[in-house]
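Below are some numbered comments on the model, for a colleague who has it open.

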Amino acid sequence: FRTVEPLEYYRRFLKENCRPDGRELGEFRATTVNIGKFSLFFFSGSITTADGSALVKLGNTTVICGVKAELAAPAADSANKGYIVPNVELPSLCSERFRSGPPGEEAQAASQFIADVIENSQMIVKEDLCIANGKLAWVLYCDIICLDYDGNLLDASVFALLAALKNVQLPSVVINEETGLSEVDLKQKTPLIIRKHPVATSFAIFDDTLLIVDPTAEEEDLATGTVTIVTDEEGRLCSVHKPGGSPLTGAKLQDCITRAITRHKEIKKLIDKVIKSITPE
């Protein structure tokens, strides 16, 4: 019955305010995060050379993020700013729905979403990445790779990005006035300045009216729409991402924002706990 009439199968559960996996409509899947060297136990690719990394599991959805910091000259029209370059990869190994080759539409849309979150939330101020005005700045390459896809890619990606950035330590860099060359001191490092802590909370819309949080891939396929709310630690709305589908009333949207603010507190508490556990006394 689930294979032949999947939507009707789901509706029978939704009428009882639950889902086939046992969750209530407003219940998130188990969420875990591993930061820094702990996340690299799970991955042996080039991301192991990253300056900061994190692995996030949201149910069966697994995402790893590696941040690589490099030096470059600022753009002529932004002499006092560095760069942040996010990239989301959905390799064929993470799900049969994706194919090998150039980034598909979903990966490109996710990369743009992450770029918008970084910009709108001001989690990193690009001026903080400038070392010498017009001469030298940091470039942060943020590679987000999905290892196992089971829906709600955006929530997992934003969480992995934030956790990886919290793990970044930048070495001291000065420009030698005599030679004009940059000198890097790897022994003297400082944490990356994180101004805001954005957290994404995604919802699937069923039959144009019913909202469920943290949808699986199957639930996303059956839904009549999705919406992702991004908030920061002050409860400020950073972004609303709604790629078409069923419209939301003002009351429903406000309900989503309220739930997103509550979810932010849970994620912030989790990431603080993990960072504290790996920080030397």
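1. In this predicted model, strand 11 (residues 225–231) is largely enclosed by the rest of the structure, because six of its seven residues are buried.

2. Strand 11 has a partner in strand 9 (residues 199–206); the two are antiparallel and share seven bridges. Within this pairing, Thr228 of strand 11 faces Ser202.

3. Strand 12 (residues 237–241) also runs antiparallel to strand 11, joined to it by four bridges. Here Thr228 is opposite His241. The two strands make a hairpin with five residues between them, and Gly235 in the turn has a positive phi of about 80°.

4. According to an unreviewed UniProt entry, the annotation "domain: Exoribonuclease phosphorolytic" covers residues 44–171 and 198–261. Residues 198–261 are 28% helix and 38% strand, with 10 Å between the end C-alpha atoms.

5. The largest nonpolar core has 55 residues; Ile124, Leu140, Leu161, Leu165 and Leu192 touch the most other members. Helix 4 (residues 153–166) supplies the largest share of this core, eleven residues. A second, separate core has ten residues, among them Phe28, Leu211, Cys256 and Ile257.

6. Leaving aside residues up to four places away in sequence, Leu161 touches Cys65, Ile114, Ile118, Met123, Cys142 and Ile144.

7. Glu16 sits in the loop between helix 1 (6–14) and strand 1 (31–35). Its relative accessibility is 61%, so Glu16 counts as exposed; the cut-off is over 50%. The C-alpha atoms of Glu16 and Leu153 are 27 Å apart, with a sequence separation of 137 residues.

Methods:
Residues are numbered from 1 along each chain as its sequence is written. This is a predicted model: local features need pLDDT of at least 70, side-chain atom pairs count only at pLDDT 80 or more; totals for chains, interfaces and linings use all residues. Side-chain values use heavy atoms; hydrogens and water are left out. A nonpolar core is a set of buried Ala, Val, Leu, Ile, Met, Phe, Trp, Tyr and Cys residues joined through side-chain atoms within 4.5 Å. Buried means under 20% relative accessible area, exposed over 50%, partly exposed in between (1.4 Å probe, protein chains only). Contact means heavy atoms within 4.5 Å. UniProt positions are given in the numbering used here, feature names are shortened, and annotations may be inferred rather than shown by experiment. Two strands pair if DSSP finds at least two bridges between them.
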